Amino acid sequence: MPKQHHYPFKIYFGSECYKVKFKKNLDCYGKTNSSTKTITIKSGMSKRETFATFIHELLHVIEFEAPIKIKHKTIYKLERAITELILDNFL
């Protein structure tokens, strides 16, 4: 399971580049801003929560940039499924 300092500082989707930031006093687990091209993740969470949140925010990047309209309920389901798939097979 990756530690916080192992996460990339930038994520590319085609020609778009999103900065990845960690913030201690964030009011939620994570958020993605398509206007500023920023992913912000709450620091201090468990490695598993951080990883799941990272996957969740990547799904928002796909939603914004593909563009594919995905209901937030579906993003949560995909987050759990992708997280489990990766953790069971790669990490």
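Modeller: Before we start, two strands are said to pair if DSSP finds at least two bridges between them. Strands (E, at least two residues) and helices (H or I, at least four) are DSSP runs, numbered from the N terminus. This is a predicted model, where local features need pLDDT of at least 70 and side-chain atom pairs count only at pLDDT 80 or more, while totals for chains, interfaces and linings use all residues. Residues are numbered from 1 along each chain as its sequence is written, and side-chain values use heavy atoms, with hydrogens and water left out.

Colleague: What makes β3 and β4 a pair?

Modeller: DSSP has to find at least two bridges, and β3 and β4 have 4, so they pair. The sense is antiparallel, and Thr32 stands opposite Ile39 in β4. They form a hairpin with 4 residues between the strands, where Lys37 takes a positive phi near 55 degrees.

Colleague: And what makes β2 a partner for both β1 and β4?

Modeller: Again, count bridges. Residues 10-13 (β1) and 16-23 (β2) share 4 in the antiparallel sense, with Lys10 opposite Lys19. β2 and β4 (residues 38-42) share 5 in the parallel sense, and there Lys21 has Thr40 as its bridge partner.

Colleague: Why is Thr40 called buried?

Modeller: Buried means under 20% relative accessible area, exposed means over 50%, and partly exposed is in between (1.4 Å probe, protein chains only). Thr40 has 13%, so it is buried. Beyond four places in sequence, its contacts (heavy atoms within 4.5 Å) are Lys21, Lys23, Leu26, Tyr29, Gly30 and Lys31.

Colleague: What makes a group of residues a nonpolar core, and which residues have the most contacts inside the largest one?

Modeller: A core is a set of buried Ala, Val, Leu, Ile, Met, Phe, Trp, Tyr and Cys residues joined through side-chain atoms within 4.5 Å. The largest has 15 residues, and Val20, Ile39, Ile41, Phe51 and Phe54 have the most contacts inside it. β2, β4, α1 and α2 each give two or more residues to this core, with the largest share, 5 residues, coming from α1. Val20 itself is in contact with residues including Phe9, Ile39 and Phe54.

Colleague: Last one: what makes the largest pocket a pocket and not a cavity?

Modeller: On a 1 Å grid over the protein atoms alone, a cavity is a set of points where a 1.4 Å probe fits but cannot get out, while a pocket is an open set with protein on both sides within 12 Å along at least five of seven lines. The largest pocket has about 180 Å³ of space, counted as the space filled by probe spheres set on points joined across faces, edges and corners.

Colleague: Which residues line the largest pocket?

Modeller: Lining residues have an atom within 4 Å of a point, and among them are Tyr29, Arg48, His56, His72 and Glu79. α1 gives the largest share of the lining, 6 residues.
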